[in-house]
Amino acid sequence: MTAKILTVDDSASIRLTTRVALTNAGYAITEAVDGMDGLSKMRSGQFDLIVTDLNMPQMDGLTMIRELRKLPAYMGVPVIFLTTESDNELKGQAKAAGATGWLTKPFDPESLVKIVKKVLGR
Amino acid sequence: MSFPDPIAVFRTEAAELLEQIETGLLDLNHDLANKDQVDAVFRGLHTLKGSGAMFGFEALAAFTHHCESAFDQVRKGMVPATHDLVSAVLNATDHMRALIEVPAGDHDASSENLLSALRLAVEHAGNPDAKAAAKSETKPDLTHYRLHFSLPRNAMVNGTNPLPLLDELRDLGECIVEVDKHELPALDDLNPRDLYLSWTVDLKTTQPRSAIDDVFIFVMDEMELRLEVMGDEKVAVKTAEPIPEAQSSQAKTAEVASAPLRQDHAAPAKAVSQPIEAKQTKSNENVRVPAERLDELMDRVGELVIAQSRLSQLAGSSGDLQLRAVSEDVERLSGELRDTMMVLRMVPVAQLFGRFRRLVHDLAIETGKTIELITEGETTEVDKSVVERLADPLVHLVRNSCDHGLETPEERRAVGKDPVGRIYLSARQAAGEVIITIKDDGRGINRERVRAKAEASGIIAANTVLADQDLLQLIFQPGFSTAQQVTNLSGRGVGMDVVKRTIDALRGSIDVTSHNGSGSEISLAIPLTLAIIDGLLVRIGVGRYVIPLSAVEECLELSPEEDMRSRGRSFISLRDSLVPFIRLRDLFNTNTTPDPFQKVVVISTGAERVGLVVDQIIGDHQTVIKGMSKLHHDVATFSGATILGDGGVALILDVGHLVAAGQHQEAQLRAAG
Amino acid sequence: MSSNETVAVLSWDESLTLRTISNHCDELLLALNEKSAVAIDISDDQPVDLTLIQLIESARIFASTSGKKLTLLKPAAGHLRDVLERGGFLQNISPEDSNFWLHDGVK
């Protein structure tokens, strides 16, 4: 079964990079442009994994992660956030909000796919 | 919403990656044993290759692949990092740029040259260390680990499933997994979504310890992990070899590894992540905006500021209180918008400093000197346009330091100095200015030679008495060069005068200090922002002019009596000190009758002051500087122009130039009198 | 309770994972409180995760301390068996555990 991934990022270029990489790896991708959009897409369909940026307009990534963890359908659904190596504090905050793992920007398609496979498991 | 051109996105990203790779290589060159830099360079190359392939830059991907492989060998300890290897890859980065810019060009020949240099470097690096090479041929040791781990209670709710983690451990080698259920409560106390289980894993693997860390990377900080090494078991072939060395290394491994993983993992990770951290801050979590758009926005803000000051004028002359209130609101908002805009335009000088690492590296090779570049205050922020315009002057200054300032290692040894010459590049903010300092620990400026040279080239008359600072400043005069021979680097006396011209244009100042034998220091003080200044609007004759407020010390009245008295003189007495002054009416040939009460605006640049006589002081004026056209480039008295609230144009006075002119006038009068 | 001597069979023919495990927890606790014996029938081909195994192991503790009998209707197979293996539940397995999960061994 094709795993469904929702990517949430206000940057069209990051969404593009992510979409290309994950589609090539055989995943079904849906995109959202910010936290609000992300949550509404999560409510209207079930995703197996969320890949999200943290800095976004409307609703930032941390808030979105906290909100999605309140949805019964998203308990236990892995959430990967995009961050920078320097943001250790932010990493902690995102983990506390309920994130599963992270990917350091800039990232290459290969490591994105690797991380996705890691958290989705076999 | 416009969709960005993926190729353009890739190019921008690739440029950043290349910069990162180069920085890593240069750092590595200083410290060849630095594993983190090896990793950083490898990661950069790896990412570049991957993204390149994804966006259709096949030649780049193929070429980069070879560099990546070389670094992969270094990373795995099969080949040590050498200066040759670093240089080979450094040269290759330039080629990668070419492959990104012109992917379709004919790059085969240069690709092949660079790659053969790289192969040679890898071979040479591999050979002298026969042991390392031999080691890589033998089968790696099999290590027997015993892990106990438990994850945080909420791990599963937050998306961490222990099963894939166990699967990953199984992928590392021969693996026996046993669950530990002792923390599990009875059903009436169970929170069914919490995780109570923990695991014991026996793992025999040839993979390094870091591979185990990688499995737990996302939960490392919150989990408990104990890791014991049960003793190395050599692969059958190797057990026959009775090497005492192996035993001692085995004991060592066990000793290090049996400490709790969290402790011996966390500490070095923290220490090494710092340099990377600092660099990453530069580019990350940013929204990338083309520079032109920022400039467009700046223009709009400028126009808004102008419209606002027009509104303020109208509201001020009208009795309508509501209009005034609105006008004040608009004034406040546009002020805030301006400030925000200013911040947007600020970029860290790290961008600027970054390129000097490469420059110094190249200069060191070219001059045969050993040079270390130490940068400081890279996070200091400066207006974007300042950074762009500072690049050239700084290149000249750094070159000058490398070329003339620093001695050869032999010379340095001879005078008891560290053979490694140091150049310090630092930036800091101080009171509305950013101070950029270039300091070297070289021989210092030879004042005798500066004087001799200046006299020889007619810059100063023989035996002119000069203050030390003035003498040192002579090096910035056009046509001045103390270099005994023209070198490739610092050139032919061009360069240093470019520095002065640029800094003047930026309304900045230069300060030089130098100590014989211990080096020199050149500080550039530049106003933080350029595009908008607070100015004092004045009238001279019928024309209006703006004097940058930051330079204004005070305003005085010049009574008709004083005016008469001071005719033919060029000084006014200002609290016991004589200040030269310039009648701008005369300078600009206004051909109008002076106002009965003229004003003197005293302006200063550092220690030097000059009074400017104007007809009227109109008031504060926030000014958007528009550059002068090329046609007027030679007009030194003005640094730009601005549009006024009523649509008129005012010229902005160039304070540095006027002060210099005033001082010159003073010097002439002194000489005459 | 009045129905103390009866046996309840819980037929769980649905996804047994984190998302829904709380419902199953409530159902199982209720059954164990009301009945003297509970048998669970778990489908071989529905998704299962560690929360289910935790739930059942926890229920076994509860049953043994409250004198109730808890069994699997059939030996673990399919996804359940797979999770038991991947989770390290079958390594050095005790006779009791083996009997419970796999229905082998004596007793």
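Two salt bridges turn up across the interface of chain B and chain A. Keep in mind that this is a predicted model.

**Where chain B meets chain A**

- One salt bridge joins the side chains of B:Glu168 and A:Lys118, with N to O at 2.9 Å.
- On chain B's side, the elements giving two or more residues are α1 (6–30), α2 (35–54), α7 (162–172), α8 (209–215) and α11 (261–283).
- The top contributor there is α2(B), which puts in six residues.
- Sort chain B's side by residue type and you get 17 nonpolar, eleven polar and nine charged.
- Overall, 37 residues of chain B touch 38 residues of chain A.
- The buried area comes to about 3,200 Å², and carbon and sulfur atoms give 58% of that.

**A five-stranded sheet in chain B**

- This open sheet runs in the order β14-β17-β18-β16-β15, with mixed pairing.
- At the edges sit β14 (552–558) and β15 (571–574) of chain B; each has a single partner strand, so one side of each has no neighbour in the sheet.
- On average, neighbouring strands here are turned by 35° against each other, ignoring direction.
- The partner of β15(B) in one pairing is β16 (577–583) of chain B, and the two run antiparallel over four bridges.
- Zoom in on that pairing and you'll find B:Leu574 bridged to B:Ser577 of β16(B).

How values were computed:
Residues are numbered from 1 along each chain as its sequence is written. Chains are lettered from A and ligands numbered from 1 in the order in which they are written. This is a predicted model: local features need pLDDT of at least 70, side-chain atom pairs count only at pLDDT 80 or more; totals for chains, interfaces and linings use all residues. Side-chain values use heavy atoms; hydrogens and water are left out. Contact means heavy atoms within 4.5 Å. Buried area is the accessible area (1.4 Å probe) that two parts lose on being put together, summed over both. A salt bridge is a side-chain nitrogen of Lys or Arg within 4 Å of a carboxyl oxygen of Asp or Glu. Ala, Val, Leu, Ile, Met, Phe, Trp, Tyr, Cys and Pro count as nonpolar, Asp, Glu, Lys and Arg as charged, and the others, Gly among them, as polar. Two strands pair if DSSP finds at least two bridges between them. Axes are lines fitted to C-alpha atoms, for helices over the stretch in contact, and angles run from 0 to 180 degrees between N-to-C directions.
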